Amino acid sequence: MYPGPRHMLRRLGVEIDRPVRGPDGLRLAGRIPVTADVCDPGGMVRAGVVATLVDVIGGGLSVRTAAPDWAVTADLSLRLFPHRFAGPAPSVEATGSIVRAGRRAIVMEVDVRDPGGGPVAHATMSFTVMTRNESNQVRASELDEADATRFAWPDDAEPVPYFELVGLTIDDDGAWVSLGEHVSNSFGALQGGLIGTLVDAAAVAAGGGRTVAFDACYLGLGRVGPFRARGTVLGGSTVRVELRDTGSEDRLMTVALAAVEPIAA
Amino acid sequence: MSLTDDRHAGGRALSAHLDLRLQPARDEGTVTGSAVRRPDLCRPDGSLRIGVLATLLDSVGGLATGLAVLPDWVVTADLSLRTWAPTRGARAHGEARLLRRGRSTSVGEVLIHDGDPAAPCGAGILTSGVLTPDFPLPAEIGEVMVSPHRPEPADGHPPLPEWLGLVARPDGAELAVQPRLLNPWGMVHGGVTAMLVDLAVEATTGRLVDDMLLRYLRPGRVGPIRATITELGPRTVRSVVTDEGADGRVVALAVVGVGVGVSD
């Protein structure tokens, strides 16, 4: 069963609505509750967490658009806007829409807002369409008929802090995550949102403050691990991040350019 | 020979205007290049426009990704560029290196500097789509490419908006398709689209552009090519680029970060 009972998407409490096919094309919305453990000290949701929600929505849209073929993330660009979460039951909602669906690539936008409609973030993504063999094809109609989904954390499990659950550690050598059932995607590789989380963590480790933007190019899947992201300040607030699969001959998985800014007291 | 007789004439005209110089090192998968810093290509604060830097990135990055897929060639799918310091030298330099060569896409990254690679002032990533060209590649491909020397115009170079044929609109700007603005694929050059977005954002918001993400979605061939600006959030705007002569179809999408005001 994907995702497993203690998967990161359950810890985040991801909800995904039923997709809507309208005159402007396919749209998909989803949300997560905002808890203190996914925010920075200034009350903004961490870029890596927003990227995870965006990745879930983007993945859901791309698989429906590419059907009966498959699609993998090629790149993700994220811009965060100033916001501060407080009060009862805060959440962030992401709505994705297709900008272009071609034979080889799919491009989409994802708009992220707070419950009052205030802008939280904006993302664009592109996906590469992969041809499936006949025995492994997906029917778009089946995907459209899927009900709304909520990934709930088991009632009998302790609510582990999010970054503790995903096993994010930071040392002098970078930000690290190991592969496990709780952080993998449906085909056993590192979940796409965790790539954004590692980029975010490495950018902050190198540049300080919080990540407010990144452009990440996905060069290969993370299949073995542990995965290490290292940030290098290029100048000003711009940090270059390299993510590598150290268990797979240190293969380069992702290169990103991130922008950081200080967190106001 | 007229511009339309040679599929590379448009690219050469743009390269000549920016005085682009490209030097590939095929064995290493790297390309270095530079563009001139002239007042007509600069922002009001004297730094080269991000649209011009994006054209440099597109040129060196495109060449690095293209040389990796010969005899096929590439068309830019998307590029992102961040700057953090003004360009102050006589020329801006770009250093591109190949990150990945795939069957359908090729990826490169580019560092922008003023002449000292150890002190960069910008950086970017470029993804190219791999296509089989329906035109002969230039004989000089893979060699050092220096734009032919052209004498300075007696009355100086026109402002960039004038050279592009830019027409301001309340919510952006547009330009007509001219042969000198086309790439060898017969579509508006990616660098021209970047300069259109840059100028449209600056004119509409009154702020200087510091970073740009540009996704090329479809070819712009007919024109006018129109950039329409809307605000996404503080200091971030979205530009939708449409080909108005092709039923207004969307040809590019940009997300742009703006900084200080033009008059600050």
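Where in chain A does Pro68(A) lie? Pro68(A) is placed in the loop between helix H2 (47–66) and S4 of chain A, with helices (H or I, at least four residues) and strands (E, at least two) taken as DSSP runs numbered from the N terminus. The model is predicted, so that local features need pLDDT of at least 70 and side-chain atom pairs count only at pLDDT 80 or more, while totals for chains, interfaces and linings use all residues. Residues are numbered from 1 along each chain as its sequence is written, chains are lettered from A and ligands numbered from 1 in the order in which they are written, and side-chain values use heavy atoms, with hydrogens and water left out.

Pro68(A) is joined to Ala67(A) by a cis peptide bond, with omega about 10°. In chain B, the peptide bond from Leu70(B) to Pro71(B) is cis, with omega near 10°; Pro71(B) is found in the loop between helix H2 (50–67) and strand S3 (73–83) of chain B. Most peptide bonds are trans, and most residues other than glycine have a negative phi. Arg235(B), although not a glycine, has a positive phi of about 60°. Arg235(B) lies in the loop between strand S11 (225–233) and strand S12 (236–243) of chain B and counts as partly exposed at 48% relative accessibility, where buried means under 20% relative accessible area, exposed over 50%, and partly exposed in between (1.4 Å probe, protein chains only). Asp247(B), also not a glycine, has a positive phi of about 60°. Its place is in the loop between S12 and strand S13 (249–261) of chain B, and Asp247(B) is exposed at 81% relative accessibility.

Chain A contributes 32 residues to the contact and chain B contributes 31 residues, contact meaning heavy atoms within 4.5 Å. The size of an interface is often given as the accessible area lost when the parts come together. Between them, chain A and chain B bury about 2,600 Å², 61% of it on carbon and sulfur atoms; buried area is the accessible area (1.4 Å probe) that two parts lose on being put together, summed over both. On the side of chain A, Arg79(A), Arg104(A) and Leu257(A) lose the most area to chain B, together 19% of what that side buries.

Five salt bridges are counted between chain A and chain B, a salt bridge being a side-chain nitrogen of Lys or Arg within 4 Å of a carboxyl oxygen of Asp or Glu. In one of these, Arg97(B) pairs with Glu242(A), the closest N and O atoms being 4.0 Å apart. Strands of chain A that each supply at least two residues of the side touching chain B include S4 (70–80), S5 (91–101) and S7 (119–130). The most is given by S7(A), with six residues. By class, this side of chain A has 16 nonpolar, eight polar and eight charged residues; Ala, Val, Leu, Ile, Met, Phe, Trp, Tyr, Cys and Pro count as nonpolar, Asp, Glu, Lys and Arg as charged, and the others, Gly among them, as polar. In chain B, Thr127(B) is in strand S6 (residues 120–131) and is buried at 8% relative accessibility. Among the residues that Thr127(B) touches are Asp75(A) and Cys217(A).

Over all chains the count comes to 34 salt bridges. Arg31(A) and Glu93(A) form one, with the closest N and O atoms 2.9 Å apart. This pair links distant parts of the chain, Arg31(A) being in strand S3 and Glu93(A) in strand S5 of chain A, 62 residues apart. Arg31(A) is buried, with a relative accessible area of 17%, whereas Glu93(A) is partly exposed at 31%. The side chains of Arg210(A) and Asp40(A) also meet in a salt bridge (2.6 Å, N to O). Because Arg210(A) lies in strand S11 and Asp40(A) in the loop between S3 and H2 of chain A, the pair ties together parts that are 170 residues apart in sequence. Both Arg210(A) and Asp40(A) are buried.

In H2(A), 18 of the 20 residues are buried, so this helix is largely enclosed by the rest of the structure. For H4(B) (residues 190–205), 13 of the 16 residues are buried, and so H4(B) is likewise largely enclosed. Just after H4(B), Gly206(B) takes a positive phi of about 70°.

Methods
Lists of a residue's contacts leave out its neighbours within four places in sequence.
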